[in-house]
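Work through each one with the structure open, then compare with the solution.

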Amino acid sequence: MIGLLFNPLSGRIRKRKDAIRRVLAEIPGATCSEVTNEPEINASVDAFVRADVDLLVIIGGDGTVQGVLCHLFATQPLARWPALTIIPGGTTNMTALDLGICGKPEFILQQLKGDLLKQIPPVFLQRHVLCIEQAGVAKVYGMFFGVGLIARAVIFSQSKIKQLGITGEIYSGLITVVYLIGLIFGRRHGAWAPVRMSIIERNIELHHGTYAFLFASTLDRLLFGMRPYWGKEEEPLHITFVRQKPNRPLRSLLALLSGRGGSLKEQDGYHSCNTRALELLIDDDYIVDGESYRASSENGPLRITAAGPITFLGAGKVNSQS
């Protein structure tokens, strides 16, 4: 049995929702639920779990995927989860792209429908999920965490760029440009200030100071196929951070974004590692899959761990050219 969770308000879906609804109605053995907010997502996920769906298809963006993950982790043991797959309908769609799923939503759904009718064996992938928690605050689950200039660029883009109706790789490119401008020309104070924090691993404060940014992800690749981390540890949580005013920022940043970060040195302000848990003492905004939150050191450390892994249906049978 297949559950279809469809968010018609996602960025790339709004102008395609009628075409998508027609395809959804043709998928065999599927039940569709349209959702536009957190209570609707939660109620629909509960109904699909009670119905013992084998595959939950999320038609929406990273925010919709995050909502599903948060509710499943909060209410269900992993043994009761259906397999998940994502039809990328949001603004950036990082999780779907990491699974190799790309293209126009209606075309990907047509491919999925054809694969189901032909009973083509599925291709499953395992991914861990970030768990972000702090005392007195509900746990947040997602695939990408960012603080510092990364969070500031995303928050800025949501208020300015999204108003223009720009989505997809153009939107992602503009976020990257805004972020680069902030890194190279950013001020020490104001909206584009760096972030002050302590970074703790295994109960030891390893780093303390002012940082341009820090991000953590369980995804193998980020926007534009970038892999901007170079840790060698066999752990699921990828961490990269850069100190404020690192040496040779433009040249080094190009190396980081192009996947050649292994040449960057910690003494020059660059660090990357893989771990299973990380704690931050911080008073600042952070983002998880494009959604913004606020951390306060009064509540103790912000803890980031790897949860799962969970099972996704990957690109082998859910893909289409855009």
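**Exercise 1.** At roughly what angle do the axes of helix H2 and helix H3 cross?

*Solution.* The model is predicted, so local features need pLDDT of at least 70 and side-chain atom pairs count only at pLDDT 80 or more, while totals for chains, interfaces and linings use all residues. Residues are numbered from 1 along each chain as its sequence is written, and side-chain values use heavy atoms, with hydrogens and water left out.

Step 1. Locate the elements: H2 covers residues 38-50 and H3 covers residues 62-75. Helices (H or I, at least four residues) and strands (E, at least two) are DSSP runs, numbered from the N terminus.

Step 2. Take the axes as lines fitted to C-alpha atoms over the stretch in contact, with angles from 0 to 180 degrees between N-to-C directions. The axes of H2 and H3 come within 10 Å and cross at roughly 55°.

**Exercise 2.** Which residues of H2 meet H3?

*Solution.* Step 1. Apply the contact criterion, heavy atoms within 4.5 Å. From H2, Ile41, Asn42, Val45, Asp46 and Val49 meet Thr64, Gly67, Val68, His71, Leu72 and Thr75 of H3.

Step 1. Sort the residues of this contact: five are nonpolar, five polar and one charged. Here Ala, Val, Leu, Ile, Met, Phe, Trp, Tyr, Cys and Pro count as nonpolar, Asp, Glu, Lys and Arg as charged, and the others, Gly among them, as polar.

**Exercise 3.** Is Gly269 buried or exposed?

*Solution.* Step 1. Find Gly269 in the loop between helix H8 (249-257) and strand S11 (270-275).

Step 1. Its relative accessibility is 8%, so Gly269 counts as buried (buried is under 20% relative accessible area, exposed over 50%, partly exposed in between; 1.4 Å probe, protein chains only).

**Exercise 4.** How many aromatic pairs are there?

*Solution.* Step 1. Pair rings of Phe, Tyr and Trp (its six-membered ring) with centres within 6.5 Å; planes under 30 degrees apart are stacked, over 60 edge-to-face, the rest tilted. The count is eight.

Step 1. Phe73 and Trp81 have ring centres 4.7 Å apart and planes at 70°, so this pair is edge-to-face.

Step 2. Phe145 and Tyr286 form a tilted pair, 5.3 Å centre to centre with 35° between the planes. Phe145 lies in strand S7 (residues 144-148) and Tyr286 in strand S13 (residues 284-288), so the pair ties together parts 141 residues apart in sequence.
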